[in-house]
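Me: Hi! I'm new to this one, could you walk me through it?
Reply: Happy to, let's have a look together.

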Amino acid sequence: MLNKKMQDAINDQINFELYSAYIYLAMSAYFESINLKGMANWMRVQVMEEQSHAKKFYSFITDRGGRVVLSPIGDPGQNWKSPIDAFEEALKHENKVTARIGKLMELAYEIKDHASASFLQWFVDEQVEEESNVDAIIQSLKLAGDSAGLFMVDKDLATRMFVPPIGVTI
Ligand code: FEO
């Protein structure tokens, strides 16, 4: 049976993962509006990533006999100053997710919930990749400089495809 404190914290994280998806969907719309289709594609794949994270947490709660409780999702924002501004905000957001996963892990240790700690380790590792992916794009955008460079980065990001994490059905 899932500890109530852990259940509440994971329900809160489901909300944050869906909020993350909402932010990335808003960023996708922003990139569509400035005709950077590759970046819009990258963000839409990121939406699916975040939805899969929310579903992973959802299944964990139900598998342990808990109750999923959904709550309203925050305002995702609409406009960013530039592509790099959007990706820098995405990185800041991922830093927040990493900090939240760290807090969930601390709670699991505090209440000696080994099953949750084991489950959360996947997210600890995932966050290393999440931050690194966004940071790599920021570095590419810094190197790209002019519009020809931006076009190349956009072309590259158009190739991203969603691969669901093991155990998650979309
Ligand atoms: Fe679900 Fe991007 O962290």
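**Around Glu130**

Reply: Leaving aside neighbours within four places in sequence, Glu130 is in contact (heavy atoms within 4.5 Å) with Gln46, Glu49, Glu50, His53 and Glu94. This is a predicted model, where local features need pLDDT of at least 70 and side-chain atom pairs count only at pLDDT 80 or more, while totals for chains, interfaces and linings use all residues. Residues are numbered from 1 along each chain as its sequence is written, and side-chain values use heavy atoms, with hydrogens and water left out.

Me: Where is Glu130 found?
Reply: Glu130 sits in helix H4, residues 114-144. Helices here are DSSP runs (H or I, at least four residues), numbered from the N terminus.

Me: And is Glu130 buried or exposed?
Reply: Glu130 is buried, meaning under 20% relative accessible area, where exposed is over 50% and partly exposed is in between (1.4 Å probe, protein chains only). Glu130 has no salt bridge, a term for a side-chain nitrogen of Lys or Arg within 4 Å of a carboxyl oxygen of Asp or Glu. The nearest side chain of opposite charge is Arg160, 4.9 Å away; Lys and Arg count as positive, Asp and Glu as negative, and His and the chain ends are not counted.

Me: Switching topic: which residues touch the most other members of the largest nonpolar core?
Reply: Met27, Phe31, Met39, Met43 and Phe87 do, out of 25 residues in that core. A nonpolar core is a set of buried Ala, Val, Leu, Ile, Met, Phe, Trp, Tyr and Cys residues joined through side-chain atoms within 4.5 Å. Helix H1 (4-33), H2, H3, H4 and helix H5 (147-157) each supply at least two of its residues, and H1 gives the most, with seven.

Me: Why would they gather like that?
Reply: In soluble globular proteins, nonpolar side chains tend to be buried together.

Me: What does Met43 touch?
Reply: Not counting residues up to four places away in sequence, Met43 touches Tyr24, Met27, Ser28, Phe31, Phe87 and Ala90. Apart from this core lies another, of 20 residues, including Leu2, Phe16, Val68 and Leu104.

Me: Okay, now Met105. Which helix is it found in?
Reply: Met105 is in helix H3, and Met105 is buried, with a relative accessible area of 7%. Beyond neighbours within four places in sequence, Met105 is in contact with Ala117, Leu120, Gln121 and Val124. The C-alpha atoms of Met105 and Ala117 are separated by 5.8 Å, though these residues are twelve apart along the chain.

Me: Last one: what is Lys5 in contact with?
Reply: Setting aside neighbours within four places in sequence, Lys5 contacts Leu107 and Glu110. Lys5 has its place in helix H1.
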